[in-house]
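The questions below go through one protein model, one topic at a time.

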Amino acid sequence: MRRGHRERTLAVLGCLLGAGVVLVSGGATWVSARVSGPRGGADGGAVAAPLAVHWTGGALASTATALALVGLAAAVAIVATRRIGRLVIGVLTAAAGAGIAYVAGRIGWDPLPTLRETDQVRQLVPGGQARIDDVSQTIAPWLSFAGGLLLILVGALVVLRGRSWPAMSGRYQARDATPADAWDAIERGHDPT
């Protein structure tokens, strides 16, 4: 019983930590670069100077932020559900972690394809192929990747061990009414209907 409590507590803390890391890193700058129009335009006109642009995780990987909210919800659901419910929660948590790891890892490995699709680049170079130079990354995408991996591990733990964990106490659940309760209510002057 004590081992089940410890494992459940570790799973809840793992969900909170993994999702928290993803959410915090989502607000940080992931990539910085200089964006300009293509050189030597067809009309031979002047090209504007490159502009420095900074992208946060929320701008590049909003999916990761949304999936992190699934991880936060899983922290509560692990405690509130029982056997089959925990199995479903474990699968969903692992799937959310895999989605986060995929999105963050793809951007961490090669951010250029994602940068070209952002609104900032499209607004700076409408209708043309933007030049993106001096790309620098922070550690934030890899922190989100690690948060996703942690959610995968927690999801696997819940799937494998969650059915044997203790359930939430029924102490605060309303008990079933009995006929004697109705008579007691009438004697107190209350209408039990």
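Q: Is R161 buried, partly exposed or exposed?
A: The model is predicted: local features need pLDDT of at least 70, side-chain atom pairs count only at pLDDT 80 or more, and totals for chains, interfaces and linings use all residues. Residues are numbered from 1 along each chain as its sequence is written, and side-chain values use heavy atoms, with hydrogens and water left out. Buried means under 20% relative accessible area, exposed over 50%, and partly exposed in between, with a 1.4 Å probe and protein chains only. The relative accessibility of R161 is 30%, so R161 is partly exposed.

Q: Which residue forms a salt bridge with R161?
A: A salt bridge is a side-chain nitrogen of Lys or Arg within 4 Å of a carboxyl oxygen of Asp or Glu. By this rule the count is one salt bridge. The closest N and O atoms of that pair are 3.2 Å apart, and the partner of R161 is E7.

Q: How many residues apart are E7 and R161?
A: Helices (H or I, at least four residues) and strands (E, at least two) are DSSP runs, numbered from the N terminus. E7 is in helix 1 and R161 is in helix 7, so the pair links distant parts of the chain. E7 is buried, at 11% relative accessible area.

Q: Are the rings of W142 and F145 stacked, tilted or edge-to-face?
A: Rings of Phe, Tyr and Trp (its six-membered ring) pair if their centres lie within 6.5 Å; planes under 30 degrees apart count as stacked, over 60 as edge-to-face, and the rest as tilted. One aromatic pair is found in the whole structure. The ring centres of W142 and F145 are 5.7 Å apart and the planes meet at 75°, so the pair is edge-to-face.

Q: Which residues does G148 contact, leaving aside neighbours within four places in sequence?
A: G148 lies in helix 7. With a relative accessible area of 0%, G148 is buried. Contact means heavy atoms within 4.5 Å. Beyond its sequence neighbours, G148 is in contact with V22, G97, I100 and A101.

Q: In what order do the three strands of the open sheet lie?
A: Two strands pair if DSSP finds at least two bridges between them. Strand 1 (residues 29-36) and strand 2 run antiparallel and are joined by six bridges. Strand 2 (51-56) and strand 3 (131-137) each pair on one side only, which means that they are the edge strands. The pairing in the sheet is antiparallel, and the order is 2-1-3.
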